[in-house]
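Hi,

Here is the structure I promised to send over.

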Amino acid sequence: MDTIVAVLENDTSSDKLTVCWLGNPRYSQPLNPTDDKKWELLNGLGVRMFVIGFAAGFRPRRFTQHARFYLLPNLPLALLRYLEMFILTPLLLSWLVARHRVRIIIAQSPFEGAVGALVKNVYRVLGISIKLIVESHGNFEVSVLGQRQVFSIRLYRWLMSHAARYGLRYADVLRAVSGSTRQQLQHWQPGTPIIQFMAWTDAASFNVPRQLPVSRARDILYAGVLIPLKEVHTLIDAFAAVAPEVQQAHLWLVGKPENESYAASLRQQVQRLGLGERVTFVGAVTQQELGGYMGRARALVLASRSEGLPRVVVEAMLNGLVVIASRVSGIPEIVEDGVTGYLVPPQNVEALTDAIRAMYHNPNVEDMALRAQQSARTLFSPEAYLDGHRRMIEAALETEAR
C-alpha cells in the first residue's frame, strides 16, 4: 500500500498511476448491477482504470463508468473472439500505453497474459517499463478446451499452451483464486510472486433471507455454462435415480448453452429418461435472478471434472444452500464434507446419486445449511477483494527495482 501511495503522491493528475484490466468478460452498457459494484469498489485503489473486454453484442463499445471501458464485438464463435483478442487487442493496448501511460496490465488468464507480455516487451525495447500481472481463475490447461468446439484440438492446444507459457514467462506477479490454482502457477512459473484471493462475487445479492426454508425445499440447482467439463450429464443421471423417491423434486439447469451440441445432447438425455416435467433448462440469468433460484432451492450441485475456486459455490453457501460438489481443484477448500455439504469423486454417478439421496433424507439439513452460510461469510468480503488488488499492485510496483 505504501508503494501505491508514494507513486500517486509523486505523480501529477495527468500522470496518475494507470492500470489496464485485460480479459474476455462481456460487459453491458451501462454495467449490470454486479459489475457496477465491482468497479465502484475498485475505485478505492486510487488509480486510473481502463478495461479491455467484450461487448454484450456485436457492436464495439466505449464508455466510462467507474473505469474507462473499451469493448470488442462479441463475435459468435470462440475462435473468432480469440483472433480478436490476439490481433486487435495488442494494437488497442499499445495505444492505451502510449496515450494514457498505462503502467500495469492485469490479464485475466495466462492466454490474455500473452497479449500483455507482447506489449510489455515491445515497450521495453523503447525503454518504457510496464508491469504485467497474470491471473488464473481455474485449471487453464483443461478449461480452455472444455467449452469450445474447435476444428483441430491438437493444434488449438499447442497454440494456447504456448500462449499461456509466454504470458506466464513475462509476468511480474501472478494471482491465484485457490490453493490448487496457486500450485499450478508455481509449477508453470516457479519463483514468480503469487497473490491469492477469491474472484469477485456480489455477496449482497445472495446474503439475503431465503424464500423457502431449506428443509421444505425440493429443488436442486445447477448454475454454470453447459459444457462437458461441468459433467451436467452426470448430474442428470444421478437426479434420474433419485427423483422417483422424492415427490416434487425438480432440477433447474441455469446457465448459457456455451457448447450447443452438448446442450442439445442434455435435452435429449432428459427426454430419454422421462424427466421432461422434472428438469428445466433456464438459460443465462443475472446474479439477482440467480439469487431468486437459490432462495427456493435445497441444494446446489456442481459435478465438474475441474474447477478453480467456483464463486457459485460461495454464492450458494451465502444463500444458505447445501452444496454437493466434486472433490476437485479448490472446492475442498470451501466445502467440508458432511459439515457444510457433500464432496464426491468426479465422473461418478453412483457416488453423486448417494450424496443427493443423503441430502434429501438428512434430518439436520437446516444445520448443515447454516454452517455453510457462516463459513461463506468468512471466505469473501468486498474489503478482502479490494485489499487483494492492493497487494497485487503493490507487489508489481516493487519489482521495478529488480
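To start with something you can check by eye: is Arg101 buried, partly exposed or exposed? Arg101 is partly exposed, because its relative accessible area is 48% (buried means under 20% relative accessible area, exposed over 50%, partly exposed in between, with a 1.4 Å probe and protein chains only).

Before the rest, some housekeeping. This is a predicted model, where local features need pLDDT of at least 70 and side-chain atom pairs count only at pLDDT 80 or more, while totals for chains, interfaces and linings use all residues. Residues are numbered from 1 along each chain as its sequence is written, and side-chain values use heavy atoms, with hydrogens and water left out.

Most residues other than glycine have a negative phi, and most peptide bonds are trans. Arg101 has a positive phi, near 55 degrees, and sits in the loop between H3 and strand E5 (104-107). (Helices, H or I with at least four residues, and strands, E with at least two, are DSSP runs numbered from the N terminus.) Gln347 also has a positive phi, near 60 degrees. You will find Gln347 in the loop between strand E14 (341-344) and helix H12 (349-361), and with a relative accessible area of 54% it is exposed. Then there is a cis peptide bond between Gln29 and Pro30, with omega about 0 degrees; Pro30 is in the loop between strand E1 (18-27) and helix H2 (33-42).

Salt bridges

The whole structure has 13 salt bridges (a side-chain nitrogen of Lys or Arg within 4 Å of a carboxyl oxygen of Asp or Glu). In one of them, Arg175 pairs with Glu135 at 3.0 Å, N to O. That pair links distant parts of the chain, with Arg175 in strand E7 (residues 173-176) and Glu135 in strand E6 (residues 131-136), 40 residues apart. Both Arg175 and Glu135 are buried.

Another joins Glu307 to Lys230, with the closest N and O atoms 2.6 Å apart. Glu307 is in the loop between strand E12 (297-302) and helix H11 (311-318), and Lys230 is in the loop between strand E9 (219-223) and H8, so the pair ties together parts 77 residues apart in sequence. Glu307 is buried at 10% relative accessibility, and Lys230 is buried at 14%.

Glu258 and Lys256 form a salt bridge too, their closest N and O atoms being 3.9 Å apart. Glu258 is buried at 18% relative accessibility, whereas Lys256 is partly exposed at 37%. Together with Arg81, these two residues are linked in a network of salt bridges.

Helix packing

The axes of helix H8 (residues 232-242) and helix H9 (residues 260-272) come within 10 Å and cross at roughly 10 degrees (axes are lines fitted to C-alpha atoms, for helices over the stretch in contact, and angles run from 0 to 180 degrees between N-to-C directions). That makes H8 roughly parallel to H9 (angles under 35 degrees count as roughly parallel, over 145 as roughly antiparallel, 65 to 115 as roughly perpendicular and the rest as oblique). On the H8 side, the contact is made by Val232, His233, Ile236 and Asp237, and on the H9 side by Tyr262, Leu266, Gln269 and Val270 (contact means heavy atoms within 4.5 Å).

Beyond its neighbours within four places in sequence, Ala263 is in contact with Leu226 and Pro257.

Cheers
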